[in-house]
Amino acid sequence: ITRCARPHLERLAQQTQYTALLSCVEGSNIVVIDQRVSGTGIQVASEIGGRTPLHATSQGKLLLSQLPDATVRYLMNGQGMDPFTPHTIVDLATLLEELEHIRRKGCAIENGEYKIGLRSVSAPVYTVEGKAAYAVGVIGMFRSPHSEEFHAAVEQVCVTASMISTALGYRKQEETL
């Protein structure tokens, strides 16, 4: 996956001027499996293999949204939902509402939930079997999740996720009438 995704991550980092990440779920954490830093401005770098909590990151919430609510309840009851900032979702009912919103929108946003001042957006990367096994996203010190800059990043992340999915052999099933 990393060899396939790397050129797309590099392009995403250049387009957004933020750090592009590729992540997956391992146990009750998100693990960064590759990243590309844009090389300009203030950079936020995650350690490859670094672990972050599912409930406090856009990558984690995105991949949680791909699971049934019963599985999410099991995972979150097992790990707890520690607050990392005053913005962290720590209530299971609120998290489940957020996951439903993510399912409808197709991408996840983090707004200072893991570290104050950091914002991120993530979109799903699908395998050839149609499983959302990875999250691609960008993280940085965006001014606001309502800014033009952030909206452009959301669009670029979604396009990049689609391109990586296609490179992995995923073909979106056409809906039949």
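**Group meeting: contacts, a helix, cysteines and pockets**

Leaving out residues up to four places away in sequence, S23 touches I30, V31, V32, I33, Q59, L63, A133, Y134 and A135. Touching, or contact, means heavy atoms within 4.5 Å. S23 sits in strand 1. Strands here are DSSP runs of E with at least two residues, helices are runs of H or I with at least four, and both are numbered from the N terminus.

A word on the model. It is predicted, so local features need pLDDT of at least 70 and side-chain atom pairs count only at pLDDT 80 or more, while totals for chains, interfaces and linings use all residues. Residues are numbered from 1 along each chain as its sequence is written, and side-chain values use heavy atoms, with hydrogens and water left out.

Back to S23. Is S23 buried or exposed? S23 is buried, because its relative accessibility is 0%. Buried means under 20% relative accessible area, exposed means over 50%, and partly exposed lies in between, with a 1.4 Å probe and protein chains only.

Next, V136. Find V136 in strand 6. V136 has 0% relative accessibility, so V136 counts as buried too. Setting aside neighbours within four places in sequence, its contacts include L9, L12, L21, L22, V121 and I164. Now look at R51. R51 and V136 are 85 residues apart along the chain, and their C-alpha atoms are separated by 15 Å.

Now helix 1. Helix 1 covers residues 2-16, which is 15 residues. From first C-alpha to last, helix 1 reaches 20 Å, close to the 21 Å expected at 1.5 Å a residue. That expected span is 1.5 Å times one less than the number of residues. Which residues of helix 1 are buried? They are A5, H8, L9, L12, A13 and T16. An α-helix has 3.6 residues a turn, so residues three or four places apart point the same way. The buried residues of helix 1 pack against strand 1 (19-26), strand 2 (29-36), strand 6 (132-140) and helix 5. After helix 1 comes Q17, with a positive phi near 65 degrees.

On to the cysteines. How many disulfides does the structure hold? The structure holds 0. A disulfide here is a pair of cysteine sulfur atoms within 2.5 Å. Take C4. Its closest cysteine sulfur is in C24, 15 Å away, so that is too far for a bond. C4 is partly exposed, at 24% relative accessible area. Then C158. The sulfur of C107 is the closest to it, yet 4.4 Å is still too far for a bond. C158 is partly exposed at 30%.

Last, the pockets. A pocket is an open set of points on a 1 Å grid over the protein atoms alone, where a 1.4 Å probe fits, with protein on both sides within 12 Å along at least five of seven lines; lining residues have an atom within 4 Å of a point. The largest pocket has a volume of about 280 Å³. Its lining has 17 residues, and V44, S46, T52, Y114 and I139 lie nearest the centre.

The second largest pocket holds about 220 Å³. Its lining includes G106, A123, C158 and K172. Strand 5 (119-126) and helix 5 (148-167) are the elements giving two or more residues to that lining. Helix 5 gives the most, with 4 residues.

Definitions and conventions. Grid points are joined across faces, edges and corners, and a volume is the space filled by probe spheres set on the points.
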